[in-house]
Amino acid sequence: MLYQQIAKNKRKTVLVMAGFVFLAGLIGAAIGYAFMGSAQTGIIIAVVVGIVYMFVILGQSTDVVMSMNNAQEITEQQAPELWHIVEDMAMIGKVPMPRVFIIDDPSPNAFATGPDPEHAAVAATTGILQRLNREELEGVMAHEVSHIRNYDIRLQTYALALASVISFLANMGMNAMWWGGGRRDDRDNGNAGQVIMLLLSVLAIILGPLAASMAQMALSRNREYLADASAVELTRNPQGLINALRKISMSEPMQNADPSSASMYIANPFKDGSWTHLFDTHPPIEKRIDRLEHM
């Protein structure tokens, strides 16, 4: 059951990432067709911009993310229990020991970040250290180490880069429309097919960022299920994570979390969610607990 769920979630992730790439290419093609007369030119621009964004974002250090969330790096002497739990989970998961940070916030939460397992870091709030027992904290840290082990931290970076590319291209297209761009020859000759294609291109430019946001949230939700399953694989104890999630779900919103980092946390640090769940950064905790209980 556990390995089937992991395999299923990995397949879903591949589909979502493929959707990201397709969407970026589609918007690039739309811009190329609408404003340059060549869809191929637009796709080339999308590829170039995507590569540049990828290198820029991957090159950002973990320290930037930690600074945005007011996290302070600690040593083994400052929080020995947390340090040893992270060390144990990393050893079981066969990943390098990540750097350990603490966020001074009474709400229990945690996250992992970094471009790859060799440069990863985990952060835990003071609230999670105070409210969770060792078994529960092991479940949470196993979840975060699983994000590192499964390369979710890199995947999140790729998703962020692709979403940024889509937003950049869409803004470029909107600016071109605002300043009177477009294929004047198509507007003048009135060819119905070309007019329809132009309208579809404009629609793709307008709706692209919304679709990218939905895809990014779907990816985040999917990886949370996978990390939960992988955490159980590391601890062999689903009850620890179940109890931890229950405590986290009943806690107050975080005060020091950065909104752009919300999807990285084990649970939404701001506690709000959309009624459709399409724009939620995390799946409902009740569903996560239900899956864990049936493993």
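Predicted model: local features only at pLDDT ≥ 70, side-chain atom pairs only at ≥ 80, totals over all residues.

Visitor: Okay, how are α4 and α6 oriented to each other?

Guide: Helices are DSSP runs (H or I, at least four residues), strands likewise (E, at least two), all numbered from the N terminus. The axes of α4 (residues 80-93) and α6 (residues 134-149) come within 9 Å and cross at roughly 50°; axes are lines fitted to C-alpha atoms, for helices over the stretch in contact, with angles from 0 to 180 degrees between N-to-C directions. Under 35 degrees counts as roughly parallel, over 145 as roughly antiparallel, 65 to 115 as roughly perpendicular and the rest as oblique. So α4 and α6 are oblique to each other.

Visitor: How do the residues of the contact of α4 with α6 divide into nonpolar, polar and charged?

Guide: On the α4 side the residues include L82, I85 and D88, and on the α6 side they include R134, L137 and E138, with contact meaning heavy atoms within 4.5 Å. For the classes, Ala, Val, Leu, Ile, Met, Phe, Trp, Tyr, Cys and Pro count as nonpolar, Asp, Glu, Lys and Arg as charged, and the others, Gly among them, as polar. The tally for α4 with α6 is nine nonpolar, one polar and five charged.

Visitor: Which residues are linked with R134 in a network of salt bridges?

Guide: A salt bridge here is a side-chain nitrogen of Lys or Arg within 4 Å of a carboxyl oxygen of Asp or Glu. R134 pairs with D88, closest N and O atoms 3.9 Å apart, and since D88 lies in α4 and R134 in α6, that pair ties together parts 46 residues apart in sequence. R134 also meets E138 at 3.3 Å, N to O, those two being four residues apart in α6 and so separated by about one helical turn. Linked with R134 in the network are E81, D88 and E138.

Visitor: D63 has a salt bridge too, so is D63 buried, partly exposed or exposed?

Guide: D63 bridges to R99, with the closest N and O atoms 2.7 Å apart. The pair links distant parts of the chain, D63 sitting in α3 (residues 62-68) and R99 in strand β2 (residues 99-103), 36 residues apart. Buried means under 20% relative accessible area, exposed over 50%, and partly exposed in between (1.4 Å probe, protein chains only). R99, at 29%, is partly exposed, and at 40% D63 also counts as partly exposed.

Visitor: And H143, is that buried or exposed?

Guide: H143 lies in α6. Leaving out residues up to four places away in sequence, H143 touches E224, A227, D228, A231, I266 and R288. Its relative accessibility is 0%, so H143 counts as buried.

Visitor: Last one: how far apart in space are A211 and I166?

Guide: A211 is in α9 (residues 192-235), and its relative accessible area of 32% makes A211 partly exposed. A211 and I166 are 45 residues apart in sequence, and from C-alpha to C-alpha the distance is 9.5 Å.

Note on methods:
Residues numbered from 1 in each chain as written. Heavy atoms only, no water.
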